[in-house]
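Subject: Structure handover

Hi,

Here is the structure I promised to pass on.

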Amino acid sequence: MTSRKFLITGTDTGVGKSTVGCALGFAFRARGLRVGVMKPAETGCEERGGILEPSDARALMLACGSTLPIDLVCPYRYRSRLAPPAAAERDNLPPPDIERITRCFREISDASDVALVEGVGGIAVPIKWGYDYADLAAAMDLTVIVVVGNRLGCLNVAVLTLGYAQKRGLRIAGWLLNDTEPAVTPAAITNAASLTKMTAAPCLGTMRYKEPLAKSVIDRLLA
Ligand SMILES: Nc1ncnc2c1ncn2[C@@H]1O[C@H](COP(=O)(O)OP(=O)(O)OP(=O)(O)O)[C@@H](O)[C@H]1O
Ligand SMILES: [Mg+2]
C-alpha cells in the first residue's frame, strides 16, 4: 500500500491537470513504480456505443499502465460538463457516493507504489453538494499538487487555491506552472518568479508547452 498519494487539482478547468497527471504517471512508471490512477468523477463524457466514455480517465490509465476496470478508476461519469452534483441532476443520474469512491481508491492504492487522483475543475468544486475536493483529499489522505495554468490572472487563483488547501489542513506537495500554450506573454514569462514571492508553498517546477516534464519534479515528489 502506498503512502505516496496525490490529488492533482488546478487553478481552473483546462489548465493541464490531465496532461500533468499523464506526464507524472509515465515518469513514475519509467522509474519502475506501480502507478494507481483514479478520476473519481468525470463530467463532459461523450456517449459511445451506449456508454459514457471518460476521456481523462482513459488517458490517465494509458499513461499510467492501469488495466483496472473503468468502473473502479472512474465510477461516476456524466454527460453534462458541469460540477459533478450539478451534472448528476441534469443527467438524472445518482450523485457520487463518497463511500464507494473511497472503497475504489483503497483497492487501487493497495496495489500501487504511487497513486494519482485527478479532480474536476479546482479544489473547492463539490464532488457532491456540501463536500468538495479538499474534503475528498482529507478523507483519502491525499497530498495536493496544484497545477497552475500559466496565463494572465493565474496568480490570484493560485494563491487562493493554495491558501484554501492550507486552511483545510491538507498536505501540499507544491504548485506546478503549466504552459497550455507557448509562454510568450509578459505574464507567462514572469508568473513563476511572481508566484514564488507570493506563496511559501514549494514550486515543483514549470512544464513547458509540448515539452517533457523535468526530472526534478519527480525527484521532489518522491523525496
Ligand atoms: N504542457 C502542455 N503542452 C501542450 N499542451 C498542453 C499542455 N498542458 C495542457 N495542454 C493542452 O491544454 C488542454 C487542456 O489540458 P488538460 O486537459 O490537461 O487540462 P485539465 O485541467 O485536465 O482539464 P479538465 O478541467 O477538462 O480536466 C489540452 O488540449 C491539452 O492537450
Ligand atoms: Mg482533465
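Below is what turned up, going from the sheet to the helices and then to some single residues.

First, the ground rules. This is a predicted model, in which local features need pLDDT of at least 70 and side-chain atom pairs count only at pLDDT 80 or more, while totals for chains, interfaces and linings use all residues. Residues are numbered from 1 along each chain as its sequence is written, chains are lettered from A and ligands numbered from 1 in the order in which they are written, and side-chain values use heavy atoms, with hydrogens and water left out.

**The sheet**

Helices (H or I, at least four residues) and strands (E, at least two) are DSSP runs, numbered from the N terminus. Two strands pair if DSSP finds at least two bridges between them. On that basis there is an open sheet of 6 strands with parallel pairing, in the order β2-β7-β1-β10-β11-β12. At its edges are β2 (35-38) and β12 (203-207), each of which pairs on one side only. From one strand to the next the twist averages 20°, with axes being lines fitted to C-alpha atoms (for helices over the stretch in contact) and angles running from 0 to 180 degrees between N-to-C directions.

With β1 (residues 5-10) it pairs in the parallel sense over 5 bridges; L7 has V117 as its bridge partner in β7, and I8 has E118. Strands β2 and β7 also run parallel, joined by 4 bridges, and V37 stands opposite L116 of β7. Buried means under 20% relative accessible area, exposed over 50%, and partly exposed in between (1.4 Å probe, protein chains only). In β7, 9 of the 9 residues are buried, so the strand is largely enclosed by the rest of the structure.

F26 lies in α1 and is exposed, with a relative accessible area of 55%.

In α4 (84-91), the buried residues are P84, P85, A87, A88 and D91. Seen down the helix axis, they fall within an arc of 160°, so they line one face of α4; the arc is that of the directions from the axis to the C-beta atoms. Their cover includes β3 (41-42), β7, β8 (126-128) and α6. The face turned away from the buried side carries the exposed residues E89 and R90.

**Single residues worth a click**

Most residues other than glycine have a negative phi. You will find D141 in the loop between α6 (133-139) and β10, partly exposed at 38%.

A charge sits over a ring if NZ of Lys or CZ of Arg is within 6 Å of the ring centre and within 35 degrees of the ring normal. The charged end of R100 sits over the ring of Y76, 5.0 Å from its centre, and K128 lies over the face of Y131, 5.8 Å from the ring centre.

Happy browsing!

Note on methods
Contact means heavy atoms within 4.5 Å.
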